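Hi everyone, thanks for coming. I'd like to walk you through one structure today, so please have the viewer open and follow along.

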Amino acid sequence: MAEYSVLIGGKAGEGINTAGLSIAGLFSRLGYRTYMYFDYPSLIRGGHNFAIVRAADRTIGAHRTRVDVLLAFDQNSIDNHRQRLHDGTTVVYDASQVVRGEGYGLPLDDIVKEENAPPITKNSAMIGALARVAGIGREVLEDVLRATVPEKHLEANLRVAGRGYDAVERVFTVEPLDAPALPVLTGNEVAGLGLVHGGLDSYVAYPMTPSSSLLHFLANRAEDLAIRVIHPENEIGVILMALGLAYAGEKTAIGTSGGGFCLMTEGLSLAGMSEIPVTIVMGQRPGPSTGIPTYTAQTDLHFVLNAGQGEFPRLVVAPGDLEETYAWSSAALMLSWRYQVPAIVLTDKTLAEGAYSFDTGAIIPPPDHEPVLWDGAGEYRRYVQTEDGVSPLAFPGREGAIVKASSYAHDEAGFTTEDPTEARELQEKLLRKGESLKEELATYPAVMTYGARDAGMTIACWGSQKWACIEAAEEFGARVVQPLVLSPFPARQWKEAMIGAGKVACVENNATGQLARLLRQHGFDPGRPVLKYDGRPFAVDELEARLAEVFA
Amino acid sequence: MTPDQPPGRPAGGLISPAENTWCPGCGNFSIEHMMKSAVAELSEEEGIPLENFVLLGGIGCHGKLADYLNVNTLYAIHGRSVPAATGIRLANPDLKVICHVGDGDIYAEGLDHLIFAAKRNSDITVIVHDNRVYGLTTGQYTPTSPEGFRGRSTPGGITEHPINPLEVMLAAGATHIARGYTKKVRHLKDLFKEAIMHRGFSFVDVLQICATYFNLTDYYNEHAYEMEEGEADTAEFASALGKIREWDYDREAPIPLGTFYSVKKPIYEEKFRALTADRSERRALVRKVIEEWR
């Protein structure tokens, strides 16, 4: 496979993330599939930010340790990444900042001064240099800048980019591919678009990494998408406001991370009991507590599976790339309304803030669902018993209906009850909805498999680690099995997928093996754990080395 | 008190068949019947369909009102009904959204939501059943219990002073602030109607008798008085603040009842556009966003 990796590093506030996206745009323009890992500490200015952009002639969704080009704005960007260099790595650095560097030193301070351009345009000099090093034509470079830089800053950026381009030499040539230029989006952006595809009316959230950028994206595009975006006082206000909106008929989603989700759990239980639909995008990051706020983890699976007092069904899905994020955010919202259960889209920092080429042609669109609505006949009873457990909805303002929703155990009309028979019937009704949801999901691709069945080696994984696993599996000729739905657990599909699994490795970004624990609960052998819990996702080569120990 | 009308709507049918479990002599009965009458009268006088009223309850004795009135209700959780009310009002501007909350419920558990709803000028009505004691959990102090109050969790008496919730609300930006008393039912009903019809955030603290754990009937009868027309300049912050500070829920003083403050300000929910697109239209918008992605 033809593939290239570029690292760009510097201080926070220098626009490393945006520069990384421009680099991804450069490769996309030539028909390459891209993935960008963005690494940043929890501070606003200073520190060390870097992005690794990987481009390939096939679908990818993970980075490799080594890079072909290193673009360094400061000494840290060289010193921290020496292990990423190989014999053919080209280093381009800002000679105004870096004291000890080998490669092309660009006097960026002088360049922007001579071009009378703002300091932020230094990124364009680096991108210009990258284009030349990679044998990418000046016209492609300028096209990408035209598409990303606001009009009023364009000329300055083009001049500075040209200086970078002219200051270096061609080292290798990225051949254009006969493939479409795909847009590059983050998991959060695609989750937002998927929710709107599913019928979202309102999005409510309180900022928290790694979900803040979902709030920012939807707030910024609220008008374009004809939705409403609200930022209330805290996560408790968020989920209650969402339940109020949904009680009155609006399809509402909310977003948070672990700490915020802690605050939402009482509201989650209310959603379970009152049967008011809500969809929650839960972006994981390392805990306990504040943990490592801007890094990644898959440590909240059992938290979301069990959050909230009492017993009530919930949908939990964990997409592993943009196409799954789109399809399952949409499905989560629609199924939440169809079955009147809370739905959780479980992501993590890697997927939420990572950028990927978005191939809309690869989306498996979920079936469309509408909520079951009251037909207006007879007396309305909000919680009327039905075969599948789902009671038709009416919303306040509907003539002839008195809509009584409640956090208490209640009778069919919604009045509080402590009667043992009614209490039992209510509990069974709630659980029956879970069974109905499970039956429905039997027709969905709830467990994905990649690679041949008779491989004798299988990697089990979930969420964002999917693509690292798929690539690493190819090294061994192994099969990958990935549950997309984690509740209600698709046991039948899992069993079928694991026939002839052979040696099994269970790859997760946590310290205790949370998918493994879930598999054991359902009577499956999760195999050997391959765990990483340092706040960083697996690099493909790193995972290959770890898997070699299991598959040896 | 408006006499009950014959079975059928409006007023008579507004009491649900649910068994009432409040203690005899509980102040909640006054609030229940005055709210029932307020809703029925507003429906008739203002032409508001009964199905456009939504009541929310928190958790505590007050919350049972959600069961006892035959209107749309969201019987929510402790301290959290206010943000849900804002959500309901956001979704449907035709609805009259009324939160019944307790003093422990909203001044302890949910004070943040109350302050923010006032700050936003959310177009909802909050009625606080302020009996100044926890009833359903059997007699602990609340944020409005006076200093020295001996509750089951504080047998030696509390050493802290109560908050004056009206002062908190004025500071937070509430645009309509009133106080009622459960023994002055006609006055209470008028306060309810006025609060419900106020466009913006309206707040009524109701001094409510707890017959079992904190019966202040004699104290209130002795001190409470209805403010005269013009006694407080309800358009003036400073005038309202002075009147609100006449009694601080702690020391012995005359207790003014009535409306302290009422001003017009832009409504939070009206700052959001109405949503008109359906799912298929939104899908076209999603496609457009992706196609034009830079």
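Let me start with a question: which residue in strand 3 of chain B stands opposite B:Phe53? It is B:Lys96. Before I go on, please keep in mind that this is a predicted model.

Let's stay with that part of chain B for a moment. B:Phe53 belongs to strand 1 of chain B, which covers residues 53–57. Strand 1 pairs with strand 3, residues 96–102 of chain B, through five bridges in the parallel sense. On strand 2 of chain B, residues 72–75, there are four bridges to strand 1, and those two strands also run parallel. There, B:Val54 has B:Asn72 standing opposite. So much for the pairing; what about the side chains? From strand 1 of chain B, B:Phe53, B:Leu55 and B:Gly57 point one way, while B:Val54 and B:Leu56 point the other way.

Strand 15 of chain A, residues 404–406, is joined to strand 2 of chain B by three bridges, and the two run parallel. If you want a pair to click on, take A:Ser406, whose bridge partner in strand 2 of chain B is B:Tyr75.

That brings us to the contact between the chains. How many residues does each chain put in? Chain A gives 46 residues and chain B gives 42. On the side of chain B that touches chain A, the elements giving two or more residues are strand 2, helix 3 (81–91), helix 5 (111–120) and helix 10 (279–291). Sorted by class, that side of chain B has 24 nonpolar, 10 charged and eight polar residues.

Next, chain A on its own. Its domain assignment gives domain 1 (3–167), domain 2 (184–362) and domain 3 (447–551). The centres of domain 1 and domain 2 of chain A, taken over C-alpha atoms, are separated by 32 Å. Their contact takes 14 residues from domain 1 and nine residues from domain 2. On the domain 1 side, helix 1 (16–29) and strand 2 (33–39) of chain A are the elements that give two or more residues.

Most peptide bonds are trans, and most residues other than glycine have a negative phi. Against that background, have a look at the bond between A:Thr209 and A:Pro210, which is cis with omega about 5°. A:Pro210 sits in the loop between strand 8 (202–205) and helix 8 (212–220) of chain A. Another cis bond joins A:Ser487 and A:Pro488, with omega about -5°. You'll find A:Pro488 in the loop between strand 19 (485–487) and helix 17 (491–497) of chain A.

As for phi, B:Thr138 has a positive value near 70°, and B:Tyr249 has a positive value near 70° as well. B:Tyr249, with 23 C-beta neighbours inside 10 Å, counts as buried. B:Tyr249 lies in the loop between helix 9 (237–244) and strand 8 (255–262) of chain B.

Conventions: Residues are numbered from 1 along each chain as its sequence is written. Chains are lettered from A and ligands numbered from 1 in the order in which they are written. This is a predicted model: local features need pLDDT of at least 70, side-chain atom pairs count only at pLDDT 80 or more; totals for chains, interfaces and linings use all residues. A residue is buried if 20 or more other C-beta atoms lie within 10 Å of its own, exposed if 12 or fewer, and partly exposed in between; C-beta atoms are placed from the backbone. Two strands pair if DSSP finds at least two bridges between them. Two residues are in contact if their C-beta atoms, placed from the backbone, lie within 7 Å. Ala, Val, Leu, Ile, Met, Phe, Trp, Tyr, Cys and Pro count as nonpolar, Asp, Glu, Lys and Arg as charged, and the others, Gly among them, as polar. Domain bounds come from an automatic or database domain assignment.
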